[in-house]
Amino acid sequence: MRFIDLFAGLGGFHLALRRLGHTCVFACEIDKGLQQLYEMNFAITPRGDIRAIPVAGIPDHDILCAGFPCQPFSKAGGQQGLAHPKWGDLFGYVMRIIDFHNPLFLMLENVPNLEKHDGGRTWSKMEADLRASGYDVLDKRLSPHRFGIPQIRDRMFIVGSRAGLENFDWPDETHHMPPSI
């Protein structure tokens, strides 16, 4: 399948999907250093700020991946959510791409506090937007240390499918204790 990698960072989604045999047809990342690293690792130069890219200029794709900025929703941040002056509007850009291209699958990632932000209203609105666009949606909190990787980094993962998620299973956690040093 063809996928796009929005807010690509170091390319975690890219690495996983490439290992499964899928092809990245578009990436965007605003940070210049991360753009260079992504290009070195994957031979694709990510475009810059998603807000400056015409939605019609993004290639058709089957899977949309987006680790949209977490600062507006993080407990460590100012809790401005969708009203954050720098990054609060970025989920809206993801929705524009979804509504224009109608990918079959979605994989999104953010901080676990997204689910609780503003008394749960932020995630409820986002989930309602995804469902209104035709997706079945599931979310789960995962951390690498629960899979044998020595890093504790809880994240909220969101999957969506236009074909339903009846046959979807989250990966089984293999480690139930924090890593020991």
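This is a predicted model: local features need pLDDT of at least 70, side-chain atom pairs count only at pLDDT 80 or more; totals for chains, interfaces and linings use all residues.
I kept to local features with pLDDT of at least 70, and side-chain atom pairs count only at pLDDT 80 or more, while totals for chains, interfaces and linings use all residues. Residues are numbered from 1 along each chain as its sequence is written, and side-chain values use heavy atoms, with hydrogens and water left out.

**α1 and α2**

I looked up helix α1 (residues 12-19) against helix α2 (residues 32-42): the angle is about 15° and the axes are 11 Å apart. The two are therefore roughly parallel (angles under 35 degrees count as such). His14, Leu15 and Arg18 of α1 make the contact with Tyr38, Asn41 and Phe42 of α2 (contact means heavy atoms within 4.5 Å). By class I noted 3 nonpolar, 2 polar and 1 charged residues.

**Faces of α2**

Next I checked burial in α2. Gln35, Tyr38 and Phe42 are buried (under 20% relative accessible area, 1.4 Å probe, protein chains only). Seen down the axis of α2, they fall within an arc of 65°, so they line one face of the helix. They pack against β1 (2-6), α1 and β2 (23-27). On the other side of α2, I found Lys32, Gln36 and Met40 exposed (over 50%).

**α3 and α4**

Last, I took helix α3 (residues 90-101) and helix α4 (residues 121-132). Their axes come within 11 Å and cross at roughly 10°. That makes α3 roughly parallel to α4. Phe91, Met95 and Ile98 in α3 meet Met126, Asp129 and Leu130 in α4. I noted 5 nonpolar, no polar and 1 charged residues in this contact.

Note on methods:
Axes are lines fitted to C-alpha atoms, for helices over the stretch in contact, and angles run from 0 to 180 degrees between N-to-C directions. Helices (H or I, at least four residues) and strands (E, at least two) are DSSP runs, numbered from the N terminus. Angles under 35 degrees count as roughly parallel, over 145 as roughly antiparallel, 65 to 115 as roughly perpendicular and the rest as oblique. Ala, Val, Leu, Ile, Met, Phe, Trp, Tyr, Cys and Pro count as nonpolar, Asp, Glu, Lys and Arg as charged, and the others, Gly among them, as polar. The arc is that of the directions from the helix axis to the C-beta atoms.
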